[in-house]
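I opened a new notebook page for this chain today. Here is what I looked up, in the order I went through it.

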Amino acid sequence: MKDKNLTDFSSLGLSSTLLGGLKRAGFDTPTKIQEQAIPKLLEGRDVMGIAQTGSGKTAAFGLPILAGIEELTGRARPLTTRALVLAPTRELAVQIDENLRQWGGQKLTTVLVLGGMSRHAQVQKLARGVDIVVATPGRLKDLVDDGKLRLNETRWLVLDEADRMLDMGFIAPVKAIARLIGPRRQTMLFSATMAPEVAELARGLLNDPVRVEAAPQGSTVVKIDQRVILAGSKAKRGVLNDLLADPAEGMERVIVFARTKHGADRVAKNLAIDGHEAAAIHGNKSQNARQAALKGFSGGKVRILVATDIAARGIDVQGITHVVNYDLPDDAENYVHRIGRTGRNGATGIAITLCDGTERPKLREVEKLIRRTLPLSGDATLLAEATAAPPARVPGPNGRPGPRSARNPKAASGGRAGAAGDKPTARPQGAKKPRWGKSRRDAARSSRVAARV
Ligand code: AMP
């Protein structure tokens, strides 16, 4: 996270109060996205940020808003908020709120507006007026429609993880909320990818935005060691147990991703039967259960967190040594977000994907997206089929499929890929994103996925 060539926070034009808050948080050097975005936001420009969780984007949008609020006199009027931050998941909203309160100091007032939590408590806090509301779109729209919050005095609007919000079917409430705030606002939109739908949303909401980018789209974090173990769906339980029991693997803190809520529950149950401490987190769990699972995991009480893709972004737990994809994700881009839970803040991490015969097409989509062939090991029969099958075609620099190439033979024998295959390559500038599910033929598919996780 730290880079000696970067400036320090004091040169970005932040107040001494905020600098004190950052010092307490242990931040002394801005990340790339912070260095790019903060001065532009302080000038009043809109910002379109291509950045993932882990890049420091929360401070990139949060600090300029806090600086702006510091300059305002008096308190927010009853039933209004000065700033609104929209996030796709409750976990992410809770983290953003915690960060803002830590940096902003005691005078700052914030309210979390989330589904699954007491509406009454939120309504009461909003009635007094507040500096910042951090919300998920559904509950916020509900309270606004009920006249419990007015957005006419809101000066800052943040859409965090906009791509994820669109995936979750939040486009209509997001647009409606933005309309209520009106054009005299400063807007910041952050997204891990610049999918066409995100670009369209940005065109509608942002006014002459500055574009800032922390990492190239679709790139995977360099320090994550990725590999695939081929295993039939029934064999996956045994493979995971072997990995967890192997001291050489060093699985200290592990997130296991399952494709569905039901699958996540089943994996967590089997892990418990097999003698492991595991907690599960997914969309069917109550907010309290989700927070408790996260707390147990981040506090080190529980070694394994089993999650659906709802947890693929936004979870900021330090020291995750391994990400295990028990199932491949439906959407290849979620692979990048899942494995991004490890290898954070410059740490190394390991991502292991368990893949059965039916998941091979999904694996090929992942390989196309990250533009590398992942080393394979595992079930000898599946391995023989895999090496006999046509290899994944990685897109060439123009975004079209590149030449066919044989799989890395070392990788196929279970070893790590050699130097050439080991470096994840970012999609070259201007190259088109591979087209597949992301064209999102219909919004219906997104909502079906949302219902499963
Ligand atoms: P974010 O992308 O906002 O979720 O931030 C990812 C992690 O990086 C969080 O744990 C932050 O506390 C941490 N972080 C953000 N900015 C800095 C910084 N300038 N220096 C050190 N850590 C940071």
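Before starting on burial, I noted the cut-off: a residue is buried if 20 or more other C-beta atoms lie within 10 Å of its own, and exposed if 12 or fewer do. I also kept in mind that this is a predicted model.

**Entry 1: helix H12**

I began with H12, residues 287-298, which has 12 residues. From its first C-alpha to its last I read 16 Å, close to the 16 Å expected at 1.5 Å a residue. Which residues of H12 are buried? I found Arg290, Ala293, Leu294 and Phe297. They sit on the same side of H12, because they cover an arc of only 95 degrees around the axis.

What do the buried residues of H12 pack against? Their partners are helix H4 (90-104), strand E10 (278-281) and strand E11 (304-307). After H12 comes Gly300, with a positive phi near 90 degrees.

**Entry 2: the sheet**

Next I traced the open sheet, in which seven strands pair in parallel in the order E3-E4-E2-E5-E6-E1-E7. E3 (110-113) and E7 are at the edges with a single partner strand each, so one side of each has no neighbour in the sheet. On average, neighbouring strands are turned by 15 degrees against each other, direction ignored.

**Entry 3: strand E1**

Then I looked at E1 (residues 47-50), where Val47 and Gly49 point one way, Met48 and Ile50 the other, and all are buried. E1 runs parallel to E6 (residues 186-191), joined by four bridges, with Phe190 as the bridge partner of Gly49. E1 also pairs in the parallel sense with E7 (residues 210-213) over four bridges, and there Ile50 stands opposite Glu213. Helix H2 (residues 32-42) lies across E1, E6 and E7, at about 175 degrees to E1.

**Entry 4: confidence**

Last, I checked pLDDT: the chain mean is 82, and 80% of residues reach 70 or more. Over residues 391-443 pLDDT stays under 50, and residues 1-6 are under 50 as well.

Note on methods: Residues numbered from 1 in each chain as written. Predicted model: local features only at pLDDT ≥ 70, side-chain atom pairs only at ≥ 80, totals over all residues. Helix = DSSP H or I, 4+ residues; strand = E, 2+ residues; numbered from the N terminus. Pairing = 2+ DSSP bridges. Expected span 1.5 Å × (residues − 1). Arc of directions from axis to C-beta. Contact = placed C-beta atoms within 7 Å. pLDDT = per-residue confidence, 0-100. Axes fitted to C-alpha atoms, helices over the stretch in contact; angles between N-to-C directions.
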